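Dear colleague,

Please find the structure below, handed over for your use.

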Amino acid sequence: MDALRTRAHELLHPLTVGYLESGAADQLTVRANRRDFDDIVLAPHVLRDVTEVSTEVELLGRRFRSPVMVAPTGSHGLFHVDAEVATAHGAATAGVGMVLSAYANTPLELVSDTNGDGVWMQVNAPPSRMYLEALADRVSGRADALVVTVDTPVVGAREAQSWDGLTLPDGLEFPMLDGLELRAETGGGIYRTGLDADFDAEALRWLVGRSPVPVVVKGVLRGDDAVVAVDAGAAAVIVSNHGGRNLDSGLSTIRALPGVVAAVQGLVPVLLDGGVRRGTDVLKALALGADAVLVGRPVLWGLTVAGADGVHAVLELVRRELAMAMALCGVHRIADIDADLLRS
């Protein structure tokens, strides 16, 4: 994975590397996402039959080859000429789901045609109900879920990112954001026109009632907020700190996970997004109660280096490492993974 990251950096424009790797402010949250995984160690069982190991899981009624999904990340056209189509193809051949960002350079229709098995559509909570209604109609029959990211009422202090996140090179666009005014902050302001600083539990409840597909809430780090989301009708919650790109000094995802799992009490699936690089990371997250994880930056490394094949290679590498770790810990199916395997 480190070699893939290095090669991707060699191929990419420096502005794109900055967008890909940077977090907010002093990068404390970005580093914590990785460091806190490393603080958890495994206590493996032995003398158990692990001649057959299965990494298969079911999420929102669909079966996947592994509990690893492609996280929503924007502007895949900056990384490969085939953009999100290549990502979707790589995910499909790996047998896993993909969450498509509304900041994609490819429309949902093309991605859904490429990977019809488990595409979820993600959007940062926007200020326009008309836009959300149109998006809800658009996902019907093309996506299994609508993911609303609720941790970005404003963007963070992304000082290490020189790109404004909105101005694209010639030939690229945001086709899923038609109907939204996109403009960065001006002067000393903190608000962006495409983000809703007023999206609350009632707005979520309205969206759940309007959406033809299950609504998943992404960007939860606290158990009490997870309960609010579930009470409003969320079909799943994703523990995420936006890849460390918004609030610096925030909770890491793996530290936040147990509190969210305990609060939800099994009512809906809980997923984790942030810091996953190895199969052992996946095992640790599952042992702490996650039903699945999402992987973002490594997928873009693979996309940069080898297109769809690179995406497939990253996802298959993590799945294979997970299977190895399961066998070495004496478990042969996902349901057998629990906190008994962990020490801190």
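The largest cavity has a volume of about 30 Å³. Please note that this is a predicted model. With a threshold of 30 Å³ or more, the count comes to one cavity. Its lining is formed by Tyr103, Leu166, Leu182, Arg183, Arg192, Gly194 and Leu195. Sorted by class, this lining of the largest cavity comprises four nonpolar residues, one polar residue and two charged residues.

I turn next to the open spaces. The second largest pocket holds about 550 Å³ of space. Its lining consists of 25 residues, and those nearest the centre of the pocket are Val150, Asp151, Gly219, Val220 and Asp225. Three elements, namely α7, β8 (215–220) and α8, each give two or more residues to this lining. In terms of class, the lining of the second largest pocket divides into 13 nonpolar, eight polar and four charged residues.

Two helix pairs also deserve a description.

The pair α8 and α9 comprises residues 223–231 and residues 253–264, respectively. These helices pack at an angle of about 40 degrees, and their axes lie 8 Å apart. Because of that angle, α8 is oblique to α9. The crossing of the two is right-handed. On the α8 side, the contact is made by Gly223, Ala226, Val227 and Val230, while α9 supplies Gly259, Val260, Ala263 and Val264. The contact of α8 with α9 contains six nonpolar and two polar residues, with no charged residues.

The other pair is formed by α6, which spans residues 129–139, and α7, which spans residues 201–210. Here the packing angle is about 30 degrees and the axes are 10 Å apart. The crossing of α6 and α7 is likewise right-handed. From α6, the residues in contact are Arg129, Leu132, Glu133, Ala136 and Asp137; from α7, they are Ala203, Trp206, Leu207 and Arg210. By class, this contact of α6 with α7 has five nonpolar and four charged residues, and no polar ones.

In drawing these notes together, I would point out that α8 takes part in the packing with α9 and also gives residues to the lining of the second largest pocket.

Yours sincerely

Definitions and conventions: Residues are numbered from 1 along each chain as its sequence is written. This is a predicted model: local features need pLDDT of at least 70, side-chain atom pairs count only at pLDDT 80 or more; totals for chains, interfaces and linings use all residues. Side-chain values use heavy atoms; hydrogens and water are left out. On a 1 Å grid over the protein atoms alone, a cavity is a set of points where a 1.4 Å probe fits but cannot get out, and a pocket is an open set with protein on both sides within 12 Å along at least five of seven lines; lining residues have an atom within 4 Å of a point. Grid points are joined across faces, edges and corners, and a volume is the space filled by probe spheres set on the points. Ala, Val, Leu, Ile, Met, Phe, Trp, Tyr, Cys and Pro count as nonpolar, Asp, Glu, Lys and Arg as charged, and the others, Gly among them, as polar. Axes are lines fitted to C-alpha atoms, for helices over the stretch in contact, and angles run from 0 to 180 degrees between N-to-C directions. Helices (H or I, at least four residues) and strands (E, at least two) are DSSP runs, numbered from the N terminus. Angles under 35 degrees count as roughly parallel, over 145 as roughly antiparallel, 65 to 115 as roughly perpendicular and the rest as oblique. A crossing is left-handed if the near helix is turned anticlockwise from the far one by less than a right angle, and right-handed if clockwise. Contact means heavy atoms within 4.5 Å.
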